[in-house]
Amino acid sequence: MRTVFVVHPDFDAVWPFAADHFRKVMERQGEVEFYRLNDNDERSIGEIAPNPDSVTRLISLCVPVTSNDIQLFSSLKEAVITHGYGSELSDVCKEQLEQKGVRIYNQPSEGFWGQSVSEFALGLTICGLRRIPQTHHEIITNLDSWDYDAPENRGRPGARGHQFGDNPNFSNGTIQGKRVRIVGAGNIASRYASFVNFLGADVASWDPYASEPSFHRSGSRKEWHLEELVKDAEIFAPMVPLTKSTEGLITADHIRALPKGCLVILATRAGVCDVPTLRERVLADELSLAADVFDIEPLPLTDPLLGRHNVVHTPHNAGRTIDANKLWAEKLAEQFLPL
């Protein structure tokens with residue numbers, strides 16, 4: 001059994017911690033011949049691995065694999081051949097490998113991002129409710145945020161006071177007791193649902209393609225109609241991947257149906273929403289927004305969403321963790337047959 005692992009810097013530019021972790025995981029089963037190429041190395045895999053005819057396991061990360069290369073790897077049984085976001089094999093090469101009976105391993109899902117993005121979404125939720133980024137920034141330049149006295153030092157119900165420092169015009173305070181409404185029940189959405197359920201929220205989710213366990217195991221009530229989901233949301237989190245079928249899934253009518261003051265969480269892809277209508281309501285102070293993803297990225301420095309009192313914004317950073325890098329590797333490594 002001979003394992004060859006080759007990685008190009010182009011792969012490290014995407015997943016800087018994944019290749020080395022992948023190597024360590026594979027080494028638990030035995031020796032791994034590891035090759036990290038130079039920046040300008042454009043050789044195909046057949047030109048790199050010595051004696052390719054004896055290689056039984058191949059891991060090629062952003063290294064070209066040609067039809068001629070496949071002929072050289074006559075003993076190959078298992079392989080990962082990817083550019084970082086998916087397979088880079090041509091259809092001809094795929095057919096060759098299938099005919100040779102080679103097991104080709106791909107990511108079974110995007111679950112490697114699940115924990116990182118869902119935890120980030122939880123952080124966005126708390127930041128949006130409590131205005132943590134805004135107050136952090138405010139106290140750098142002035143002392144006004146430290147003043148919890150009532151306006152004109154006259155106490156009024158529902159106004160600022162010594163024991164109230166949030167914005168009553170938007171969803172605020174604790175997650176506990178909030179009506180959290182989620183679109184999706186997949187890797188990210190179900191984790192997020194379980195987090196807010198644990199914290200005491202009333203959680204409902206809509207996902208016509210998810211199985212029943214996706215809901216009850218995350219503590220979420222299944223909502224059968226998207227139109228009903230949005231009606232009473234205090235926190236609204238659309239968490240489905242962006243595909244042809246989900247683009248614009250949350251329509252302008254859905255956005256308009258969200259109650260005034262609702263906090264909208266965007267942690268996966270903004271394009272699942274009618275963003276112009278969402279922007280309109282946020283800029284009109286009808287909704288608050290905590291977003292890691294936007295319709296325009298990067299946001300221009302002149303974008304009116306930036307720096308608003310009712311917007312928390314981060315630069316599409318939710319899934320970019322060392323943990324996601326490691327899980328990316330582990331989800332592939334675990335597919336190899338045990339020795």
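Is Glu286 buried, partly exposed or exposed? Glu286 is partly exposed, with a relative accessible area of 28%. Here buried means under 20% relative accessible area, exposed means over 50%, and partly exposed lies in between (1.4 Å probe, protein chains only).

## Model and conventions

This is a predicted model: local features need pLDDT of at least 70, side-chain atom pairs count only at pLDDT 80 or more, and totals for chains, interfaces and linings use all residues. Residues are numbered from 1 along each chain as its sequence is written, and side-chain values use heavy atoms, with hydrogens and water left out.

## The chain as a whole

The chain has 339 residues, and 47% of them count as buried. Its C-alpha atoms fill a box of roughly 85 × 45 × 35 Å, taken along the principal axes. The accessible surface comes to about 17,500 Å². Carbon and sulfur atoms hold 51% of that surface. Accessible areas come from the Shrake-Rupley method with a 1.4 Å probe; for residues, only the protein chains shown count as cover.

Twelve helices and twelve strands make up the secondary structure. These are DSSP runs, numbered from the N terminus: helices are H or I with at least four residues, strands are E with at least two. Residues 24 or more positions apart account for 65% of them.

## The parallel sheet

Five strands form an open sheet with parallel pairing. Their order is β2-β1-β3-β4-β5. Two strands pair if DSSP finds at least two bridges between them. β2 (32-36) and β5 (103-104) stand at the edges, each with a single partner strand, so one side of each has no neighbour in the sheet.

Strand β4 (residues 78-82) runs parallel to β5, and two bridges join them. Ala79 has Ile104 of β5 as its bridge partner. Helix α2 (residues 18-27) lies across β1 (3-7), β2, β3 (57-61) and β4. Helix α2 runs at about 170° to β2. Axes are lines fitted to C-alpha atoms, for helices over the stretch in contact; angles run from 0 to 180 degrees between N-to-C directions.

## Salt bridges

Side chains of opposite charge can pair when their charged atoms come close. A salt bridge here is a side-chain nitrogen of Lys or Arg within 4 Å of a carboxyl oxygen of Asp or Glu. The whole structure holds 19 salt bridges. One of them joins Arg36 and Asp20, at 3.1 Å from N to O. This pair links distant parts of the chain: Arg36 sits in strand β2 and Asp20 in helix α2, 16 residues apart. Arg36 is partly exposed at 38% relative accessibility. Asp20 is partly exposed too, at 35%.

Arg179 forms a salt bridge with Asp232, with the closest N and O atoms 3.9 Å apart. This pair also links distant parts of the chain, 53 residues apart. Arg179 is in strand β6, while Asp232 is in the loop between α9 (226-229) and β9 (235-238). Arg179 is partly exposed at 32%, and Asp232 is partly exposed at 28%. Both belong to a network of salt bridges that links Arg179, Arg181, Asp202, Asp232 and Glu234. Glu286, from the opening question, pairs with Arg281; their closest N and O atoms are 2.8 Å apart. Arg281 counts as buried, at 8% relative accessibility.

## A nonpolar surface patch

Ile139, Ile140, Leu143 and Trp146 form a nonpolar patch on the surface. Together they have about 480 Å² of accessible area. Patches are made of residues with over 30% relative accessible area and no salt bridge: like charges are joined within 9 Å, nonpolar side chains (Val, Leu, Ile, Met, Phe, Trp, Tyr) within 5 Å. Ile139 lies in helix α6 (residues 132-141). Ile139 is partly exposed, with a relative accessible area of 38%.

## Two loop residues

Asn153 lies in the loop between α6 and β6 (179-183). Asn153 is exposed, with a relative accessible area of 63%. Pro259 is 106 residues from Asn153 along the chain, and their C-alpha atoms are separated by 32 Å.

Gly271 is in the loop between β10 (263-266) and α11 (275-283). Gly271 is partly exposed at 29%. Not counting residues up to four places away in sequence, Gly271 touches Leu242, Thr246, Glu247 and Gly248. Arg256 is 15 residues from Gly271 along the chain, with 16 Å between their C-alpha atoms.

Terms used: Contact means heavy atoms within 4.5 Å.
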